[in-house]
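Reader: Could you walk me through the side-chain contacts here, starting with the aromatic residues?
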Amino acid sequence: MYYDFHAHFNSLDPDQIDVFAKTCEKNQTRAVMSAGSNDKLSANWEEILKYCRKYPDWMLPGAKIKLWNTPP
C-alpha cells in the first residue's frame with residue numbers, strides 16, 4: 001500500500017473522479033485529498049468529504065494546520 005500525501009481533483013466530473021479512484025486501486029495507492037483555492041476546477045472541503053466517503057479505501061481527507069500561526 002502506498003500513500004500520495006497531497007492530491008487534488010483536476011476535474012469535478014464524477015466519472016473522472018471514479019477513474020481516479022480506480023487508478024488508485026490499481027496502483028494500491030491511497031490519496032490524501034486537499035482542497036484547492038476557490039477556483040471552479042478545485043474541489044472545496046464539502047466535495048472532498050463527499051468523495052472520500054464514497055471511496056474510503058482510496059481517498060482520505062487532508063487537513064491544513066497553520067503550525068506557525070497556532071500556539072501550542
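Author: At 7% relative accessibility, Phe 9 counts as buried, where buried means under 20% relative accessible area, exposed over 50%, and partly exposed in between, with a 1.4 Å probe and protein chains only. This is a predicted model, in which local features need pLDDT of at least 70 and side-chain atom pairs count only at pLDDT 80 or more, while totals for chains, interfaces and linings use all residues. Residues are numbered from 1 along each chain as its sequence is written, and side-chain values use heavy atoms, with hydrogens and water left out.

Reader: OK, and how many aromatic pairs are there?
Author: The count comes to 3 aromatic pairs, taking rings of Phe, Tyr and Trp (its six-membered ring) with centres within 6.5 Å, where planes under 30 degrees apart are stacked, over 60 edge-to-face and the rest tilted. One of them is the stacked pair of Tyr 3 and Phe 5, at 5.9 Å centre to centre with 25° between the planes. Another joins Phe 9 and Phe 20 edge-to-face, at 6.3 Å and 75°.

Reader: Which cluster do ring pairs make?
Author: Ring pairs link Phe 9, Phe 20 and Tyr 51 into a cluster.

Reader: Switching topic, how many salt bridges?
Author: The count is 1 salt bridge, meaning a side-chain nitrogen of Lys or Arg within 4 Å of a carboxyl oxygen of Asp or Glu. Lys 22 forms a salt bridge with Asp 18, and their closest N and O atoms are 3.0 Å apart.

Reader: Is Asp 18 buried, partly exposed or exposed?
Author: Asp 18 is partly exposed, its relative accessible area being 24%.
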